[in-house]
Amino acid sequence: MFETLSDRLTSVFSSLRAKGRLSDADIDATAREIRIALLEADVALPVVKDFVAHVKERARGAEVSQALNPAQQVVKIVNDELIAILGGETRRLRYAKNPPTVLMLAGLQGAGKTTLAGKLARWLREQGHVPLLVACDLQRPNAVQQLSVMAERAGAAVFAPEPGNGVGDPVEVARRSIEHATRQQHDVVIIDTAGRLGIDQELMRQAADIRDAVRPDEVLFVVDAMIGQDAVTTAQAFMDGVGFDGVVLTKLDGDARGGAALSVRHITGRPIMFASTGEKLEDFDAFHPDRMAGRILD
Ligand code: GDP
């Protein structure tokens with residue numbers, strides 16, 4: 001992930017190394033190179049434009065520094081701007097004052113929602129929580145079974161459709177899962193919803209109905225980082241159709257250029273909260289903008 005972008009930026013910086021001072025022409029040339037690097041990494045155009053404008057403005061205004069040479073100054077500016085577009089501060093999960101905290105997962109089919117439910121459950125259990133996984137994906141054959149397997153691996157309980165639990169109706173399953181969680185003293189409920197292959201109004205409405213029925217503390221939009229520019233259009237469609245509080249990037253281990261990771265926060269105004277980096281439950285962590293920027297510039 002980000003290899004192409006990293007390589008490109010490294011070569012931009014190394015071409016500045018010999019300079020004693022940056023002229024306006026140097027800054028313009030550097031800005032052009034950074035623009036190309038970002039576009040090649042599949043970053044959305046409005047994000048690229050803002051990014052480059054900020055870098056240019058700050059590079060022009062940079063004081064001659066004893067401590068940092070021009071190349072180091074540009075590296076610092078690019079690092080700061082990367083952190084900024086990735087969201088600045090780490091955004092932590094907000095827990096409800098009165099448990100259970102309800103997390104709802106939404107996203108395209110194959111984005112990694114069911115896997116994420118297991119990862120979140122494991123992560124929460126490590127922190128002393130007692131999560132309940134709720135199977136509201138009743139569209140995809142095997143989804144309920146897959147969630148049960150995830151739950152078992154994570155050592156968490158699962159709530160699935162069966163007589164008394166609202167068979168066949170995801171909204172009813174979701175509603176009853178909250179009562180069940182309260183009775184059984186689960187302090188976090190993770191609701192897995194049906195994905196859609198493309199933007200599907202009917203399924204989008206179903207997700208909105210589940211949201212209205214359970215009023216989640218956090219709706220997490222799950223997006224495959226490998227889908228490039230499509231991540232932006234998908235995010236916008238989910239923002240309009242369901243709304244969400246935070247983003248989870250999955251498949252960051254894939255051979256992606258990183259455009260989704262670098263665009264989605266800026267485009268949706270919602271923070272990236274978690275990142276998945278593989279198929280195993282432990283390939284998962286909270287998302288830290290500064291560490292990600294560090295990896296890109298490493
Ligand atoms: P859902 O349809 O959104 O519930 O997606 P799934 O959880 O079923 O995931 C779809 C596929 O992606 C599965 O084969 C997962 O093992 C795989 N997957 C999920 N997250 C990751 C990840 O972070 N990295 C990789 N390489 N594969 C993942």
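**Figure 1. Gln 185 lies in the loop between helix H7 (170–184) and strand S4 (188–193).** Helices (H or I, at least four residues) and strands (E, at least two) are DSSP runs, numbered from the N terminus. Gln 185 is not a glycine, yet has a positive phi of about 60°. Most residues other than glycine have a negative phi. This is a predicted model, in which local features need pLDDT of at least 70, side-chain atom pairs count only at pLDDT 80 or more, and totals for chains, interfaces and linings use all residues. Residues are numbered from 1 along each chain as its sequence is written, and side-chain values use heavy atoms, with hydrogens and water left out.

**Figure 2. A cis peptide bond links Pro 99 to Pro 100.** Its omega is near 5°. Pro 100 is placed in the loop between H4 and strand S1 (101–107). Most peptide bonds are trans.

**Figure 3. Helix H4 (residues 70–85) crosses helix H11 (residues 289–297) at roughly 135°, with axes that come within 8 Å.** Axes are lines fitted to C-alpha atoms, for helices over the stretch in contact, and angles run from 0 to 180 degrees between N-to-C directions. H4 and H11 are therefore oblique to each other (angles under 35 degrees count as roughly parallel, over 145 as roughly antiparallel, 65 to 115 as roughly perpendicular and the rest as oblique). Val 75, Val 78, Asn 79, Leu 82 and Ile 83 of H4 meet Pro 289, Asp 290, Ala 293, Gly 294, Ile 296 and Leu 297 of H11, where contact means heavy atoms within 4.5 Å. By class, this contact of H4 with H11 has eight nonpolar, two polar and one charged residues. Ala, Val, Leu, Ile, Met, Phe, Trp, Tyr, Cys and Pro count as nonpolar, Asp, Glu, Lys and Arg as charged, and the others, Gly among them, as polar.

**Figure 4. The axes of helix H1 (residues 3–14) and H11 come within 8 Å and cross at roughly 70°.** H1 and H11 are therefore roughly perpendicular to each other. From H1, Leu 5, Ser 6, Leu 9 and Phe 13 meet Arg 295, Ile 296 and Leu 297 in H11. The contact of H1 with H11 has, by class, five nonpolar, one polar and one charged residues.
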